[in-house]
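My entries follow in the order in which I looked.

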Amino acid sequence: HLGASAGSCLSKRPGAACQLHGPVALAMVGRETYRAIYLSSPFQFKTVLHSFSRLLPRFFIQQWQKDPYAVHRHKYRARKERKRGRWCFPELEYTPPGTKGWPDPRLMGPSALVQVASQAQAEGFQSQTFWHQVAERTRVHRDVIQAGDLAVILDALVSADYRHPDLLRILSREIIDDADKLSFVELAVVANAYAHFNCFSEGLMVALAQRTVDLLGPQSADASGFDGGPDSDPRSLAVLAKAFAALNYKGPEALRALNEATVEQASRLSFADLSEVLVAFAELREQAISGPGKFLALAATKVPGSRMASLCPALRAAPQLGVASATLSEIRAALVAEVTGGLRDTPAGIEPTPFGTALGLDVPGPGLGGSPSLQSFPAFAVTPLPDIFSKPGSAEAEFAPAEPVQATKELVDQGEIVEWEDVLSRGTQEELEKEKQEMDEQKRANLRWYNAVSRRPFRNVLSPYADFDASATFARNRRGALVADALCGVGGLWRMAVKEAGKDVKSALKPLVLPLSPAEAELVDAAAPVLRGAIHGLTAVQLSACAEVIAVRTLSGPMTVEGSTEPVDIPDHSATMRCILQEAVRKHVNFSVHDLRRLVKAASACGVKDMWLKRAQERRFPKSTAPSRRSESAQPVEEADGAKETAQVSAN
């Protein structure tokens, strides 16, 4: 109704007054007022782009239905083409730049189009115009191109990263009709293309799942096709599982067949492929790993020498597989040891500027765990003094009185009688004039609007740009995400151990029910400095999980490392916890209620008090977290009241 009122005001004649009464007018004024305060507030949310991740809107492909008007549109287009002539190609008059040396896809037949697309993919040719022409020509020849050739074209579009949702919508019907003609490699390629471009079709996924069961099922003639022939590519199992997880398709029969085939072919798969399969099953929440002991033991033998990009996601997925801790013991020890060794070789990086220091609003207090103290903001700025008045020891030298000078006959004749020398020398006067001129220029340059919230002028819009390296940002964010995955895995293993011990996870932090193992504690100690330097690459869920793991490590106490009898002291993780809390304040709108409560509980258990977290908790956190805050604040009062009642009863 508010939008309708505004639109009706615009439709009035010129000069007519638009009057809104009641709560609508108050809502409009209040919204704009508070929006202005929010935009000028230092707590406004600023997003941080993860340059290593893709985020495409999901395109839902509806099931095909017959269009009764399609024949009329076809007749209209055919009539225009006949009227124009057979050899009239007005769109071919312009040759786009960057496509010279390549044939025009708009003039190719089906077989030539597939060959050119495969050749361009092999040479890594990048031209949006060229791949658009390939996609449009594929649309024309889709009825006469075989299903395997369609998979080749889709794979080429994935390599070129050219998304054409309408082509994917049209090809979904063709692939559904010819799904029984796809080999397993082509099946994985098609699923990977739709997952890469985030296009979901229920009918297509059902057809691909059925073809997976036909190829990998127990009654399939192609079940042993991995031993030789053109379809002997075990990595297609990992590609298909990853595509199902990306599209969140949970076909039980297809996943069961995929799981059994992966267990059979585990000896031929690398650890990177096994890690992708484990992550896919963990994301789908399917506890369908057949023979987990043998499979995970085989995977543990391939852990040494693997990359961190495969180790950290596998460690995060391990506690989500629904397997007992005893079964995970071998791969758990191998992953923790390898990740710890990789973290020791990783440079820590530059730690980010603290939240309040970056805004210029606080002065760090004693210790990293202490809360900073606010600066006092005057209503108006104090006029700065020249540097000459603030130089130590300059007043006595510059402003010392000179000895009196006797008047001479020459000075009297000239009409000038000098009793004292000038207090300020000529050089000092020049310096004062120069400083005054510089202050006037600086004052004219700093004329800006006044910010009533922070009690200072707005920042200069024309400030110089800071040095930015996209590759360095990419590496930093990815490094932070991988380290956070490893810590999330450690936290998941700790939670699983607490549940198996019959304890409640919600109350297992303070007092600590179960400490970390020495190997996992060593991993957390090695990950802390790396995490501080890449804290901007963490998501909201990772921040809350890392805060909980840091709190558990702090409460676990000294640990005894293998090969030594003396316990190792606990490193001070208060700096890491404070970085996590201040990054969480900056991204607080991305947190769920559960993650916010988990973050606050970890901070209180660790004993780190942050002023900005407390301020955001009171002013910015959602209202659904208010009962937990009231209960926490009311708990000491209730305990005191209970103590008073007990004392009164005993006195009576």
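I take helices (H or I, at least four residues) and strands (E, at least two) as DSSP runs, numbered from the N terminus. On that basis I find 26 helices and six strands in the chain. I note that this is a predicted model, in which local features need pLDDT of at least 70 and side-chain atom pairs count only at pLDDT 80 or more, while totals for chains, interfaces and linings use all residues. Residues are numbered from 1 along each chain as its sequence is written, and side-chain values use heavy atoms, with hydrogens and water left out.

Entry on the whole chain. I call a residue buried under 20% relative accessible area, exposed over 50% and partly exposed in between (1.4 Å probe, protein chains only). Buried residues are then 37% of the 652 residues in the chain. Accessible areas come from the Shrake-Rupley method with a 1.4 Å probe, and for residues only the protein chains shown count as cover; the chain exposes about 38,700 Å², of which carbon and sulfur atoms supply 55%. With contact meaning heavy atoms within 4.5 Å, I see that residues 24 or more positions apart account for 76% of the contacts in the chain with a separation of 6 or more.

Entry on the core. I define a nonpolar core as a set of buried Ala, Val, Leu, Ile, Met, Phe, Trp, Tyr and Cys residues joined through side-chain atoms within 4.5 Å. The largest one has 140 residues, and W131, Y194, F244 and I580 touch the most other members. Helix α20 (residues 470-500) gives the most to this core, with ten residues.

Entry on α6. Does the length of helix α6 (residues 147-160) agree or disagree with what its 14 residues should span? Taking the expected span as 1.5 Å times one less than the number of residues, I get 20 Å, and the end C-alpha atoms of α6 are 20 Å apart, which agrees. Ten of the 14 residues of α6 are buried, so that I call this helix mostly covered; among them are L150, I153, L154, L157 and V158. The cover over the buried residues of α6 includes α4 (110-123), α5 (128-140), α7 (165-177) and α8 (184-196).

Entry on two backbone angles. D161, in the loop between α6 and α7, has a positive phi of about 55° although it is not a glycine, and with a relative accessible area of 40% D161 is partly exposed. N198, in the loop between α8 and β2, likewise has a positive phi, near 55°, in a residue other than glycine, but N198 counts as buried at 15% relative accessibility.

Entry on α9. The 15 residues of helix α9 (residues 202-216) should span 21 Å, and its end C-alpha atoms are 21 Å apart, which agrees. Its buried residues include L204, M205, L208, R211, T212 and L215, and what covers the buried residues of α9 includes α7, α8, β2 (199-201), α10 (235-246) and α11 (252-264).

Entry on charged pairs. I count a salt bridge where a side-chain nitrogen of Lys or Arg is within 4 Å of a carboxyl oxygen of Asp or Glu, and the structure holds 16 of these salt bridges. D485 forms one with R316, the closest N and O atoms being 3.2 Å apart. D485 lies in helix α20 and R316 in helix α14 (residues 308-317), so this pair ties together parts that are 169 residues apart in sequence. D485 is buried at 10% relative accessible area, whereas R316 is partly exposed at 22%.

E520 and R332 meet in a salt bridge at 2.6 Å, N to O. This pair links distant parts of the chain, with E520 in helix α21 (residues 518-533) and R332 in helix α15 (residues 325-344), 188 residues apart. E520 counts as buried at 3% relative accessibility.

K587 pairs with E583 at 3.2 Å between the closest N and O atoms; K587 is buried at 5% relative accessibility and E583 is buried at 3%.

Entry on cysteines. How many disulfides does a search of the whole structure find? Taking a disulfide as a pair of cysteine sulfur atoms within 2.5 Å, the search finds zero. C312 is buried at 1% relative accessibility, and C606 is buried with a relative accessible area of 15%.
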